[in-house]
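Colleague: Could you take a close look at the aromatic rings in this model, and at what sits over or beside them?

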Amino acid sequence: MRGTRFVDHVSKRCDHHLRGDTLVPHGVYKHDGVVETMFGPKGISWPKRGYGTYLSLRIYVYDVGEVEGLEELLKGRDHNIEYTDCIQGQWGTQVKIHKFFSKSAFRTFDKNEADFFFVPTYVKCVRMKGGLSDKEIDQKFVQVLQQMPYFRLSGGRDHIFVFSSGAGAHLFKQWATYLNRSIFLTPEGDRTDKRGTSAFNTWKDIIIPGNVDNEIIFERFGAHDIINPVPLARRKYLANFLGRPQGKVGRLQLLELAKQFPNELEAPLLTFSGSMKYGHKEYFRHLSNAKFCLAPRGESSWTLRFYEAFFAECVPVIVSDKIELPFQNVLDYTLFSIKWPATRINEELLQYLRSIPDQDIERMIAQGRAVRCLWLYLLKVDGCSAMTGILWELQRKVRIFHQSGETFWLHNRSLVDRDLVVFSQWRTPFSLP
C-alpha cells in the first residue's frame, strides 16, 4: 500500500509547489461524468483539432483473474511478486498507469462501450526479478491474447500495452507478429542499435515520460525539501554527466572530456556498488550542482536523466540523436532544453555551454519548472500530470468502428467471423497468426 499512499500524497501537494510556475491548471469542468482540464492562457493546452474540447474516454481494464496466464505476467510463475516490488525504477510506469486506469473515472466494466482495452503486465519487473524467463514471457503473452475475443475483433488496434524500459516491446520477442497494430505506451522511440528495428510506431504509439523514483519526488515536493536547488552563481560545475558508461561511445567521450576539464564537467565513473554508487539523495545533490545536466544515449535512445534534470533544476542537454520526446503536440522543447549532436562531444560542447548567459539559463530552468508536472504519474486527472497527457493522446486515437482481417459484417449489422459465427457467440481460444 506504500506506493499508492505516496502517489496520493504527492497529488495533494503538487498544486502548492507548482503554484509559482507559469503553467498552472486554470480550471476543471465536468460534462456528464467526463473531465475537461484547461490551463491558463500561457499554459499547456491540447489542441482542439483531433482531440476535442474535453476528455471523453471509456477504458476497459482486464482483471488479473479474467484471463488465464495474465496473473503470471504481473506476478511471475509463482505469483510471489507484488506490485510494490515493481513500482520503482524504469518499470514503475507499468504499475502506476495500471493503478490509474483501475481507479479512474474513465474506466468502464462494459466491453461493448469501451474505446480502449488496457492489458496490464509488469513483464520488465517480473523478468528482472526472475519471475519469468524470456521464453515464458512469450508463451504467456500468446496464451493471454488467444483468450481475448475483443482483441481479435479489432486486430488489437484498441488494446493498450505499457512497455516501460529501454527494451520496449522487444521483451515480448514475437511482438511484431501479435501486437503490430496495438498501442504501446513507452519511453523508447528507437532501439535499432541492437534490435535492427524499432518497436515504436509514431502513428499508433505514445511516448511517455520515464518514471522518476517516488523517493526523489517526495524529497523534492514533500513536507521537507531535502534537495534544494543551488543558486546558479554558486553551482560548482558548468555541466555534469552522472551515469554509468555502459561501453557507449558518447558516454565514454564525456568521461574523457571530464578528465580534460575537471573543473567544469563532473563525470565520475559510477558503479552499481561500492563507494562510487550514489544513493538517491547524493545523486540528486550532485545533479543539482551544475547549470547543465547532460543526458547522452545509453542502452537505448532515451534516458531517465533527462526527466530528473527538471527536478534538480538544471537545463537538460540531450545528446541522443534519435530520441523521441513525450507530448510534442503541446510542448516546445526548445524553451527548456538543448539538443546537441552526438557526433560533436568534444570541447566545442563546453565552449557553447560557457557562452550561454545566466539569465538565459534561469529562463530555461523556469520554463522547465513549469512543465515538469507532466512527468509526474499521479492518481488524479484534474490538473497537470503524465496521465493527463496520456489520456489526451489516447483520445486522438479513438475510433468509432473497429475491424480486422478476421472480422466481417452482414446487412443486418451483425459482426461475424469468417465462418459467419456472430461475434457474441465467438468462443476462445482463438488461433492467432
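**Aromatic rings and their surroundings**

Modeller: K99 lies over the face of Y83, 3.9 Å from the ring centre; a charge sits over a ring if NZ of Lys or CZ of Arg is within 6 Å of the ring centre and within 35 degrees of the ring normal. The model is predicted, so local features need pLDDT of at least 70 and side-chain atom pairs pLDDT 80 or more, while totals for chains, interfaces and linings use all residues. Residues are numbered from 1 along each chain as its sequence is written, and side-chain values use heavy atoms, with hydrogens and water left out.

The charged end of K204 sits over the ring of F184, at 3.9 Å from its centre. F184 in β7 stands opposite F161. Strands β6 (residues 159-162) and β7 (residues 183-186) run parallel and are joined by three bridges; strands (E, at least two residues) and helices (H or I, at least four) are DSSP runs, numbered from the N terminus.

Rings of Phe, Tyr and Trp (its six-membered ring) pair if their centres lie within 6.5 Å; planes under 30 degrees apart are stacked, over 60 edge-to-face, the rest tilted. The count is 29 aromatic pairs. Y307 and W375 form an edge-to-face pair, 5.2 Å centre to centre with 75 degrees between the planes. Y307 lies in helix α12 (residues 305-312) and W375 in the loop between α14 (358-371) and α15 (386-395), so the pair ties together parts 68 residues apart in sequence. Y307 is buried at 2% relative accessibility, and W375 is buried at 1%; buried means under 20% relative accessible area, exposed over 50%, partly exposed in between (1.4 Å probe, protein chains only).

Conventions
Two strands pair if DSSP finds at least two bridges between them.
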